[in-house]
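Me: I have a structure open and would like to go through it with you. Could you take my questions one at a time?
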Amino acid sequence: MKQDSAEYQTVEYQTVEASEENYYPDGSFGQPQSQSADAGGEVEPIWFHTHFEDSMEMYADAETVANHLNNHKSWFCHCASPMKAQPIGENGYDLLIGRFGAFGYRVEARIGLELLPPDAEGCYLIKTIPVPNYTSPGYEVDFRSAMKLVEIPSQEFAADWPSAERAKLPPAITSATWKLDLAVGVCFPKFIRSMSQPLIEKTGDALLEKIIKQVNRRLTYKTQLVFHESLGIPFPKNPKKH
C-alpha cells in the first residue's frame, strides 16, 4: 500500500520531546517483521506505566448517550480513524495504533480491545484481548479502562455560560468520565538494556503518556462529533474552553 498519503503516514518518535506530528499506521494488518531483542535468548520486558483520566460532554440525556455507545459497531472504527480498526467477534477490535520509538528502537503498537457492555452500575469497561493470528513483536500490553455516564441538568452545567449559549443546550447533558490504567512491557535489545534503568523507565513512561494524550484528544473529539452529527444534535462550543 502506498504511504504517500498524509492520512496514513507513519511517524517514528525518537525521543519524548518529539513534535506533535501525526503517527499513523500504513493501513496494513499484516504480521510485521519481528524486532527481536536478542537472538537465541529470552529477555524479560521492561514495563512502563501510565494512569490517565478525562471526560467529554455529550449534549443529550444519559439514556440517549448510552444507546449510542452500546451500538459501538456503528461508530468505533470510524472514530478510531486514522488508526486502523477491525472487529473481533461481538465486542472486540483489532486496533493498529502506529509505530513509536525511543533510543533508535521502534515498536509497532497493535492491540486487541474488548468494549464490554455496561455493568449493573452503568460502568463501561475496556480491556485487552488477544488478536487472532498475531504475535506482538517484543512487547506486551495491559489496557484497563472504566467509564461512567453522569447526567447533569443543563442549567447547572452551564450556569456561568452566556445566556445565548446556554439557550442552545437541551434540558440535560451527559458527561462521560473515564479512567485508564495502561502498562506496556517492551523487550529491548541489548544496546538499550545496557543503559541506565531509571533513564529507560523515565523516557518510556513519558513517551507512553504523550501517546495516550494524543490518541485520546483525537478519539474524544471524533466520538463527540459523530454522536452529535448522527443524531442531528447541535454541538455548541463550551465558552469555558475557548
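Me: What span should helix 6 have at 1.5 Å a residue, and how far apart are its end C-alpha atoms?
Reply: This is a predicted model. Helix 6 has 35 residues and should span 51 Å at 1.5 Å a residue; the end C-alpha atoms are 50 Å apart, which agrees.

Me: Which residue follows helix 6, and what is its phi?
Reply: Gly232 comes after helix 6, and its phi is positive, near 65 degrees.

Me: Which residue other than glycine has a positive phi near 60 degrees?
Reply: Asn133 has such a value. Asn133 sits in the loop between strand 5 (124-129) and strand 6 (139-153).

Me: Is Asn133 buried or exposed?
Reply: Asn133 counts as exposed because its relative accessibility is 81%, and the cut-off for exposed is over 50%.

Me: Turning to aromatics: how many aromatic pairs does the structure hold?
Reply: There are six aromatic pairs in the structure. One of them joins Phe48 and Phe188, with 5.9 Å centre to centre and 75 degrees between the planes, an edge-to-face arrangement.

Me: Where do Phe48 and Phe188 lie?
Reply: Phe48 belongs to strand 1 (residues 46-58), while Phe188 is in the loop between strand 7 (172-186) and helix 5 (190-193), so their pair ties together parts that are 140 residues apart in sequence. Both Phe48 and Phe188 are buried.

Me: And why is the pair of Tyr59 and Phe235 called tilted?
Reply: The ring centres of Tyr59 and Phe235 are 5.7 Å apart and their planes are at 50 degrees, so the pair is tilted. Tyr59 lies in the loop between strand 1 and helix 1, and Phe235 in the segment after helix 6 (197-231), so this pair ties together parts that are 176 residues apart in sequence.

Me: Buried or exposed, what are Tyr59 and Phe235?
Reply: Tyr59 is buried, with a relative accessible area of 3%. Phe235 counts as partly exposed, at 30% relative accessibility.

Me: Which residues are in the cluster with Tyr59 and Phe235?
Reply: Phe157 and Trp161 are in that cluster, which is linked by ring pairs.

Me: Which ring does Arg110 lie over?
Reply: Arg110 lies over the face of Tyr134, at 4.2 Å from the ring centre.

Me: Now strand 4: how many of its residues are buried?
Reply: Nine of the eleven residues in strand 4 (residues 105-115) are buried, so the strand is largely enclosed by the rest of the structure.

Me: In which sense do strand 4 and strand 5 pair?
Reply: Strand 4 and strand 5 pair in the antiparallel sense, over four bridges. Glu114 has Lys127 in strand 5 as its bridge partner.

Me: Change of topic: where is His72, and what does its side chain make a polar contact with?
Reply: His72 is in the loop between helix 1 (62-70) and helix 2 (76-80). Its side chain makes a polar contact with the side chain of Asn91, at 3.1 Å.

Me: Which residues does His72 touch, leaving out those up to four places away in sequence?
Reply: His72 touches Glu90, Asn91, Tyr93 and Leu115 on that count. His72 is also buried, because its relative accessibility is 6% and the cut-off is under 20%.

Me: Last one: which residues does a cis peptide bond join?
Reply: A cis peptide bond joins Ser81 and Pro82, with omega about 15 degrees. Pro82 is in the loop between helix 2 and strand 2 (84-88).

Technical notes. Residues are numbered from 1 along each chain as its sequence is written. This is a predicted model: local features need pLDDT of at least 70, side-chain atom pairs count only at pLDDT 80 or more; totals for chains, interfaces and linings use all residues. Side-chain values use heavy atoms; hydrogens and water are left out. Helices (H or I, at least four residues) and strands (E, at least two) are DSSP runs, numbered from the N terminus. Buried means under 20% relative accessible area, exposed over 50%, partly exposed in between (1.4 Å probe, protein chains only). A polar contact is a pair of N or O atoms within 3.5 Å; within protein, one must be able to donate a hydrogen and the other to accept it, and residues adjacent in sequence count only if both atoms are side-chain atoms. Contact means heavy atoms within 4.5 Å. Two strands pair if DSSP finds at least two bridges between them. Rings of Phe, Tyr and Trp (its six-membered ring) pair if their centres lie within 6.5 Å; planes under 30 degrees apart count as stacked, over 60 as edge-to-face and the rest as tilted. A charge sits over a ring if NZ of Lys or CZ of Arg is within 6 Å of the ring centre and within 35 degrees of the ring normal. The expected span of a helix is 1.5 Å times one less than its number of residues.
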